[in-house]
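Here is a short briefing to read alongside the model. It starts with the protein as a whole and then turns to the ligand.

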Amino acid sequence: MDPFGRTLSYLRLSVTDRCNLRCVYCLPALVQGLFAPPQELLTDDELIVLVRAFVALGFSRFRITGGEPLLRPGIVSLIRVFSRMDGIADLSMSTNGLRLEQMAGDLAQAGLHRINISLDTLCPQRFRAITRGGSLDQVLCGLEAAFRGGLDPIKLNVVVMRGINDHEIPRFVRLTEDHPLHVRFIELMPIGDTGFFSKDRWVPLEEMLEKAGEGLIPLPPERWPKGFGPARYFQRPGAPGTVGFISALSQGFCASCNRVRLSARGVLFTCLDGTDGVDLKTPLRQGASEEQIQALICQAIRQKPEHHTMKERLLSPRCTSPRLMCQMGG
Ligand code: SAM
């Protein structure tokens, strides 16, 4: 438990800071020098030791993320190790889906429980523009492979940006009427110095709900798709899928925040909002014992901020934060 009474049980584990997309809200146009050299990244053995330390402290839910986690060589074997570890009750992944067509079956067989796919538009040209060059078709093939592989539930994460994809909200809602998909609309956040975020591009929760249209029925938590994040879910009558909303700014959820993030470089961040992290890799490489690593994790948790300051930053002319998502574990 942290000093504000929050029980932390959820680790977002970044296995690489690299990505094969360059989404405008996530990365700057030029990434030269941004990504860590290979020797700076946690090795498989180090990841396993660190995950064990988190499990020993009561963490039971792990999301593999990045960067793009499917770019990490040997990711399937790593998932196999984690899925067999006592104490891990939930093992999920966030991916852009580009490599899922080839990998979804192997990931499911290795023991991955469920998957979130980031997909901000259903229009191929817009997809290329938002991701600076990606192929929508490739993601849709990945999505199909995830269904075939039996990953369940499958969630689609849609970051909503005014004037870019906000008019597609009804189209995404309709998807949930035809497929057992869980679409979540996510408020754009001012994270990292990408030069993209502005208050004008941010679409607050209330407006997302309005655009999603009438006929959405609030779902009681027992009928929400499996997950431990901050989404609130709705459903169109008779639809196989659901519609969720995640609003870090309009309706912050810091009071119930249950998560921390471990970056690919082995730095533990307790808040997305750019507070300094605690380096776990250096002590590990210097021979720290598992108990010493656990003590460092506890120390970081004691310093978890009560809340982020993203909303306050909306009012400042440059509402950036010091680190990009990929540098913390998105
Ligand atoms: N590559 C993986 C993926 O695409 O899901 C995992 C990493 S990505 C950084 C994780 C999530 O962060 C994605 O759903 C992405 O849309 C979201 N994200 C990145 N920057 C964001 C921002 N400024 N505001 C809101 N969501 C953001």
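Of the 330 residues in this protein, 57% count as buried. Keep in mind as you look around that this is a predicted model.

**Overall build**
- You will find 11 helices and 12 strands in the secondary structure of the protein.
- A compact globule with 330 residues would have a radius of gyration near 20 Å, so the protein's 19 Å agrees with that.
- Along the principal axes, the C-alpha atoms fill a box of roughly 55 × 45 × 40 Å.

**Contacts and surface**
- Among contacts in the protein with a separation of 6 or more, 74% come from residues 24 or more positions apart.
- The protein exposes about 14200 Å², and carbon and sulfur atoms supply 51% of that area.

**Around the ligand**
- The ligand is surrounded by 17 residues, and the closest are Y25, G67, E68, S118 and M189.
- By residue class, the shell around the ligand divides into six nonpolar, nine polar and two charged.

**Polar contacts and burial of the ligand**
- A polar backbone atom of G67 lies 2.9 Å from a nitrogen atom of the ligand.
- In the side chain of E68, an N or O atom is 3.0 Å from a nitrogen atom of the ligand.
- The side chain of S118 places an N or O atom 2.6 Å from an oxygen atom of the ligand.
- Taken alone, the ligand exposes 550 Å², of which the protein buries 93%.
- Two or more residues of the shell around the ligand come from each of the elements β3 (90-95) and β5 (154-160).

Terms used: Residues numbered from 1 in each chain as written. Predicted model: local features only at pLDDT ≥ 70, side-chain atom pairs only at ≥ 80, totals over all residues. Heavy atoms only, no water. Near = heavy atom within 4 Å. Polar contact = N/O pair within 3.5 Å; in protein donor to acceptor, adjacent residues only side chain to side chain. Areas by Shrake-Rupley, 256 points an atom, 1.4 Å probe, with all protein chains shown as cover. Helix = DSSP H or I, 4+ residues; strand = E, 2+ residues; numbered from the N terminus. Nonpolar A, V, L, I, M, F, W, Y, C, P; charged D, E, K, R; others polar. Rg over C-alpha atoms; globule rule 2.2 N^0.38 Å. Buried < 20%, exposed > 50% of the residue type's maximum accessible area, 1.4 Å probe, protein only. Contact = heavy atoms within 4.5 Å.
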